Amino acid sequence: MRKWMKMGLAVTLTSLLAACGTAGNNNGATNNGAASEGTETAAPAELVISTWGFSEDFFKEAVYAPFEKEHNVKIVVEIGNNAERLNKIRQGSSDVDVIYLSDYYAQQGIDEKLFDTVDRANIPNIGKLYDIAKAPLGEEYGPAYTVGRLGIAYNPALVKGEVNSWADMWTAFDNNLTLPAITATAGPMIVDAASVVAGSTEFNEDQSFAKQKELDASVVKYYSQTSEYVNMFGQEEIAGGPIMEMYFKDLQAAVPDAKFVAPTEGAYAVMNTINVVKGSNNKKLAEEFINWQLSKEVQEKSAKAKVDSPVNTEVVLTEEEAKGVTYGADVIGKLRKLDMSFVNQHISEWTDRWNREIGG
């Protein structure tokens, strides 16, 4: 059977120069709304960005405002979850130029030919990223601007011994486990993890579902939103389960002794991508914005604010700054990466089977 998961590759650190508004600007280009020498200042161009609603103030101040000033552009933001925003693009009911999406949804956009190809010559900072982030969905499309990891968080007082591997979910938890629903971002990762625990060197759907069924009796709830996990954990309704590292600080606020582990078989890469929407009238400006998002300046501020984990190899964090952040070549090089094209080909049948056999 086709192998659909591959390990993230170890990478070397390289220097990364800020793309806009700093010394060593890699672009030197102006957008079509910038003023020409000797003329009156032109009206700002408009760049429409589709993104999530989290950390809005941070993005306005640290990401959008400096780019607007440098390029004489007004940034308009459309907010929503992955599915809502992608559907707007499908329906043609949006004038979006740049779209932020998780790799799972971005692959759907690529398969449906909703995104334009990018000219990497206009995004030189791509060459300075960790390898796993450079072309997660192919060289023709946008990079991952952040890479998180899915591991296991748990309350030591409520489990049997230590938790070190995905296999421990089958032995250490006693009717107090939570797992992501199949339709959640991490759902397909658990499908793969169950196959790994079953002993498959390549993905085996039947073995995966048989293993998931063994675990079903111990699951308190299959969560769709991280807030559900956090609430259950704080009230000790669950001992823990798989979660993205970036949310661990919320768990630890409720349970100071809580632990987060990257399982010995490998934590899963959770990548958010940035792409240019097909039909954009501002393609070059959109590519300049992507380059800015990848700059050391933006990535460092995002990491220190605990907004996004950096893929910029020049970002250097202290031990305290790195807490709760997926950081460093050693960490990123050990991540497991799903083949999202394969996932999208099979997710409908997996969802139907999961609803019939496990979570229905």
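This is a predicted model: local features need pLDDT of at least 70, side-chain atom pairs count only at pLDDT 80 or more; totals for chains, interfaces and linings use all residues.
Residues are numbered from 1 along each chain as its sequence is written, and side-chain values use heavy atoms, with hydrogens and water left out.

The protein contains twelve helices and eleven strands. Helices (H or I, at least four residues) and strands (E, at least two) are DSSP runs, numbered from the N terminus. Of the 360 residues in the protein, 54% are buried. A residue is called buried under 20% relative accessible area, exposed over 50%, and partly exposed in between, with a 1.4 Å probe and protein chains only. A contact means heavy atoms within 4.5 Å. Among the contacts in the protein with a separation of 6 or more, 72% are between residues 24 or more positions apart.

Helix α2 (residues 82–91) may be examined next. Which of its residues are buried? They are Asn82, Arg85, Leu86 and Ile89. Seen down the axis of α2, these buried residues fall within an arc of 100 degrees, so they line one face of the helix; the arc is that of the directions from the helix axis to the C-beta atoms. The buried residues of α2 pack against the strands β2 (45–51), β3 (73–79) and β4 (98–102), and against helix α3 (103–111). At the start of α2, a side-chain oxygen of Asn81 comes to within 3.2 Å of the backbone nitrogen of Ala83. After α2 comes Gly92, whose phi is positive, near 70 degrees.

Asn82 also has a place in the description of the largest pocket. Pockets and cavities are found on a 1 Å grid over the protein atoms alone: a cavity is a set of points where a 1.4 Å probe fits but cannot get out, a pocket is an open set with protein on both sides within 12 Å along at least five of seven lines, and lining residues have an atom within 4 Å of a point. Grid points are joined across faces, edges and corners, and a volume is the space filled by probe spheres set on the points. The largest pocket holds about 1000 Å³ of space. Its lining consists of 40 residues, and those nearest its centre are Asn82, Thr185, Thr226, Met244 and Tyr247. Two or more lining residues come from each of α2, β5 (144–154), β8 (240–244), α8 (248–254) and β10 (268–276). The largest share, four residues, is given by β5. By type, the lining has 17 nonpolar, 16 polar and seven charged residues. In this division Ala, Val, Leu, Ile, Met, Phe, Trp, Tyr, Cys and Pro count as nonpolar, Asp, Glu, Lys and Arg as charged, and the others, Gly among them, as polar.

The largest cavity has a volume of about 60 Å³, and its lining is made of Leu179, Pro180, Ile182, Gly187, Ile190, Gln212, Tyr222, Trp354 and Ile358.

Gly187 leads on to Trp350, for the two are 163 residues apart in sequence but 10.0 Å apart in space, C-alpha to C-alpha. Trp350 lies in helix α12 (residues 340–357) and is buried, with a relative accessible area of 0%. Its side chain makes a polar contact with the side chain of Glu205 at 3.1 Å. A polar contact is a pair of N or O atoms within 3.5 Å; within protein, one must be able to donate a hydrogen and the other to accept it, and residues adjacent in sequence count only if both atoms are side-chain atoms.

Two further residues complete the account. Phe67, in helix α1 (residues 56–71), is buried at 0% relative accessibility. The C-alpha atoms of Phe67 and Trp292 are separated by 7.5 Å, although the residues are 225 apart along the chain. Asn291, in helix α9 (residues 283–293), is likewise buried, with a relative accessible area of 0%. A polar atom of the Asn291 side chain lies 2.9 Å from the backbone nitrogen of Asn125.
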